[in-house]
Amino acid sequence: MKFGIAVFPGTWSDRDCAHAVTLAGHEAVMLWHKDTDLRGVDCVILPGGFSYGDHLRSGAVARFAPLMAAVAEFAAAGGLVWGICNGFQILCEAHLLPGALTRNASLQFRCEPAALRVETTRTPFTATCTVGETLSIPVSHGEGRYVADEATLDALEASGRVVFRYTGESPNGSMRDIAGIVNEAGNVLGMMPHPERACEAMLGSADGLRLFMSVATAMATA
Amino acid sequence: MPRYIAEVVVALKEVVNDPQGLVVRDSLHHLGFESVSRVRVGKHIEVELEAVSTAAADAAVREMCEKLLRNPVIEDHRIIVREAAPA
């Protein structure tokens, strides 16, 4: 399976994502923000970082990159898109996911392990997990407080689109402790925590690697 | 063509928690400004542009707000347009 990893100016988690994809036994190709060709990938990862310096709002400028037009088209056709941290912020700004990510309630940048409860396995990203299990995956952000209006939150819950929730102390004060959501079709995931940083037990947790492997397993059986 | 300066104030919607505003409010209380009941922190963006009229400048900036300057999911905005002083 081939994962495409978007690289914007200011992206820094691209190489970590490529490393995770390789560890999972798959191929990673880098996708430059000025390109419009997705090079035949099966899944696009929008990695973490500070695309375009996070100027104005996180993800607000990246949304208009030439690559994002191709990603939106790819997503509309059912292609898998996985936004991690800054990638989640970009997906919200691009309206590929509802809501927005705002300043952490603590006003602090939080870089620490987070406990995530898996809320659904009806996504390719969590297909090999178990509902209710807890994954240890670190967060690393200053603007990860998920915000949406009550109607949107209710709709997300009712349709099983909340994929991950923080258990225990929330690192950012997200509404309803939301850490990750999918779009209506289930092919676009946005999450604040960094699974690519939890791929080797030596570094504290290998739970993140399971998500990369899950995507490949789901694709193979689709 | 006449030049205009548009002042755009972008702020979080009333329903969105503004932790920066809360910190500033608390700091003001500590400084003795006890009469302060509420503080909201936002952004001030100045846009200088050419347009045929004030109305046209206003319309252009309105479109800029919809596309980029604010996130309609969480932010409200106000625009004040004035003619730029001749250079």
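This is a predicted model: local features need pLDDT of at least 70, side-chain atom pairs count only at pLDDT 80 or more; totals for chains, interfaces and linings use all residues.

Student: How compact is chain A for its 222 residues?

Tutor: The radius of gyration is taken over C-alpha atoms, and the globule rule to set beside it is 2.2 Å times the number of residues to the power 0.38. For chain A the radius of gyration is 15 Å, close to the 17 Å of the rule for 222 residues, so chain A is as compact as a globular protein of that length. Its C-alpha trace spans about 40 × 35 × 35 Å along the principal axes.

Student: What is the radius of gyration of chain B?

Tutor: Chain B has 16 Å, whereas a compact globule of 87 residues would have a value near 12 Å. Along the principal axes, the C-alpha atoms of chain B fill a box of roughly 50 × 30 × 15 Å. The secondary structure of chain B comes to two helices and three strands, which follow the pattern β-α-β-α-β along the sequence.

Student: What share of each chain is buried?

Tutor: A residue is buried if 20 or more other C-beta atoms lie within 10 Å of its own, exposed if 12 or fewer, and partly exposed in between, with C-beta atoms placed from the backbone. Buried residues make up 52% of the 222 residues in chain A and 17% of the 87 residues in chain B. An example of the middle class is F50(A), which is partly exposed because 19 other C-beta atoms lie within 10 Å; F50(A) is placed in the loop between β3 and α2 (66-76) of chain A.

Student: Which residues have the most contacts inside the largest nonpolar core?

Tutor: In soluble globular proteins, nonpolar side chains tend to be buried together. A nonpolar core is a set of buried Ala, Val, Leu, Ile, Met, Phe, Trp, Tyr and Cys residues joined through C-beta atoms within 7 Å. The largest such core has 70 residues, and A6(A), V44(A), I45(A) and L91(A) have the most contacts inside it. Apart from that core lies another, of nine residues, including A6(B) and V81(B). Two residues are in contact if their C-beta atoms, placed from the backbone, lie within 7 Å. Leaving aside neighbours within four places in sequence, V44(A) is in contact with residues including A6(A), L31(A) and F74(A).

Student: In what order do the strands of the open sheet lie?

Tutor: Strands of a sheet pair through backbone hydrogen bonds, either parallel or antiparallel; here two strands are taken to pair if DSSP finds at least two bridges between them. The open sheet of nine strands in chain A has the order β2-β1-β3-β4-β11-β10-β9-β6-β7, with mixed pairing. Its edge strands are β2 (27-32) and β7 (134-141) of chain A, each of which pairs on one side only. Strand β1 (residues 2-7) of chain A pairs with β2(A) in the parallel sense over six bridges, and there A6(A) has L31(A) in β2(A) as its bridge partner.

Student: Where can I find antiparallel pairing?

Tutor: Look at β10(A), which pairs in the antiparallel sense with strand β9 (residues 162-166) of chain A over three bridges, and with β11(A) in that sense over three bridges as well. G180(A) in β10(A) is the bridge partner of F164(A), and G180(A) also stands opposite M191(A) in β11(A). Strand β10 (residues 178-182) of chain A has five of its five residues buried, so it is largely enclosed by the rest of the structure.

Definitions and conventions: Residues are numbered from 1 along each chain as its sequence is written. Chains are lettered from A and ligands numbered from 1 in the order in which they are written. Helices (H or I, at least four residues) and strands (E, at least two) are DSSP runs, numbered from the N terminus.
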